[in-house]
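Subject: Structure handover and findings

Hello,

Here is the structure you are taking over. Please open it before you read on.

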Amino acid sequence: MRSIITMCEQSSQPLLSVIVPVYKVERYLDQCVSSILGQTLTDIEVILVDDGSPDACPAMCDSYAAADPRVRVVHKANEGLGNARNTGLLHATGRYVAFVDSDDFLEPSTYEEAIRQLVDHDADTVRFACNRFTDRGEASPVSYDAPPVLFSSPADLRQLALCVFDIPSPALDRFDLGGSSCMAIYKMQIIRQHSLRFENEREYLSEDYIFNFDYYRHSSRVVWLNRTYYHYRITPQSLTRKLNLNVMARVETYCRYLCRMMTSRGFGPDDLQYATGFYIRALRANMRFVFMSRDLTLAQKKQWFARCTADPYFREKAALYPAASLPLKQRILLSTMLAQQFCLSYALIVGFSLLRKDKLK
């Protein structure tokens, strides 16, 4: 077994590049950057990509670089999170790369422990768990206690790639490692060799999923650490938490794109159910945001529900989706959506939300 220290001593190349897109987070940036610079793994470079932030963030980034030679700053025009990460990749020189959102923070030993597992298992990527929290003090579970899990068979790696988009059956729960790129460490060699890049979330809704889908396709060994190392802050500005009554049109565009992309990469018609499942999951999640919103009247919620469940794309895809494999409560909810039963769907969503132990998940 090679030690991390030995690997560091073999080259002046940084062991790890940490890319942090920065935009309008002056309230949280100190905590984020401090948690990276305070890592027990010190052989890192930190690339702060100022994405045209209009507040004090650009000056804060420059001050971090002046105080610590491991920090580099790239100032650029605002283009969104995906393009900011791509810009960071152009400047990264590390053997491995990680991504951090600038309003989140890390446990001090995150990268040392993750890279140790990556090296010990000769893996291409290691993924780890997170907890979610708000400034009001609400938080999901912080810690887990489970041994590392290794995925190495071609069938398992293929399933990991598909399950980035959907988990259509409880039997596939072990492949649910999450779609975020922040809870992982990647080999730069694989990213360079296959020209992997992030999509623009302004165009295709999510910058993470296709990147991870493609990375799994080019991986031979993946390690999962079911331990919390990353702390994900939920703010009113969080992209995935905003209430948007028109978002399903963008989800449809994204899912159509996913189907074309998966077909072009050699995946068959049966595999496209994972793109369909992404649409159904997104609609179910947005139903929760809409139904639990205090800013909408019951009539507005009913009108939104009627429009979404009457949409031809939803009716076509939901009718073909293998609903029989879903957990019972999701299967019942899908049937009420297809039947356009607002009252029952509303009661189920609100009831499930109030009973959930982890309301921040």
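This is a predicted model: local features need pLDDT of at least 70, side-chain atom pairs count only at pLDDT 80 or more; totals for chains, interfaces and linings use all residues.

Residues are numbered from 1 along each chain as its sequence is written, and side-chain values use heavy atoms, with hydrogens and water left out.

Some conventions come next. Helices (H or I, at least four residues) and strands (E, at least two) are DSSP runs, numbered from the N terminus. Contact means heavy atoms within 4.5 Å. Buried stands for under 20% relative accessible area, exposed for over 50%, and partly exposed for in between (1.4 Å probe, protein chains only).

Start with helix α2, residues 29-37. Its buried residues are Leu-29, Cys-32, Val-33, Ser-35 and Ile-36. They span an arc of only 160 degrees around the axis, so they sit on the same side of α2. The arc is taken from the directions from the helix axis to the C-beta atoms. The cover over these residues includes β1 (16-22), β2 (44-51), α3 (57-67) and β5 (105-106).

How do α2 and α3 pack? Their angle is about 25 degrees, and their axes are 11 Å apart. Axes are lines fitted to C-alpha atoms, for helices over the stretch in contact, and angles run from 0 to 180 degrees between N-to-C directions. The two helices are therefore roughly parallel to each other. The cut-offs: under 35 degrees is roughly parallel, over 145 roughly antiparallel, 65 to 115 roughly perpendicular, and the rest oblique. The crossing of α2 and α3 is right-handed. A crossing counts as right-handed if the near helix is turned clockwise from the far one by less than a right angle, and left-handed if anticlockwise. From α2, the contact uses Leu-29, Asp-30 and Val-33; from α3, it uses Cys-57, Met-60, Cys-61 and Tyr-64. By class, that gives six nonpolar, no polar and one charged. Ala, Val, Leu, Ile, Met, Phe, Trp, Tyr, Cys and Pro count as nonpolar, Asp, Glu, Lys and Arg as charged, and the others, Gly among them, as polar.

**Two further helix pairs**

Next, α9 (residues 209-217) and α10 (residues 247-264). Their axes come within 12 Å and cross at roughly 15 degrees. That makes α9 roughly parallel to α10. The crossing is right-handed. Tyr-209, Ile-210 and Phe-213 of α9 meet Tyr-254, Tyr-257, Leu-258, Met-261 and Met-262 of α10. This contact has eight nonpolar, no polar and no charged residues.

Then α11 and α12. Here the axes come within 10 Å and cross at roughly 165 degrees. α11 is thus roughly antiparallel to α12. α11 passes α12 in a right-handed crossing. On the α11 side are Leu-283, Asn-286, Met-287, Val-290 and Phe-291; they meet Lys-301, Trp-304, Phe-305 and Cys-308 in α12. The classes are seven nonpolar, one polar and one charged.

**Helix α14**

Which residues of α14 (residues 328-338) are buried? They are Gln-330, Leu-333, Leu-334, Thr-336 and Met-337. Among the elements covering them are α11 (273-292), α12 (298-310), α13 (312-320) and α15 (342-355).

**Positive phi values**

Most residues other than glycine have a negative phi. Lys-24 lies in the loop between β1 and α2, and at 53% relative accessibility it counts as exposed. Asp-122, not a glycine either, has a positive phi of about 50 degrees. Asp-122 is in the loop between α5 and β6 (125-133).

Ser-17 is in strand β1. Ser-17 is buried, with a relative accessible area of 0%. Leaving aside neighbours within four places in sequence, Ser-17 is in contact with Glu-45, Ala-92, Thr-93, Gly-94, Tyr-96, Val-97 and Ala-98.

Pro-108 is in the loop between β5 and α5 (110-120). Pro-108 is partly exposed, at 46% relative accessible area. Not counting residues up to four places away in sequence, Pro-108 touches Gly-38, Gln-39 and Thr-40. The C-alpha atoms of Pro-108 and Gly-38 are separated by 6.3 Å, and the two are 70 residues apart along the chain.

Best wishes
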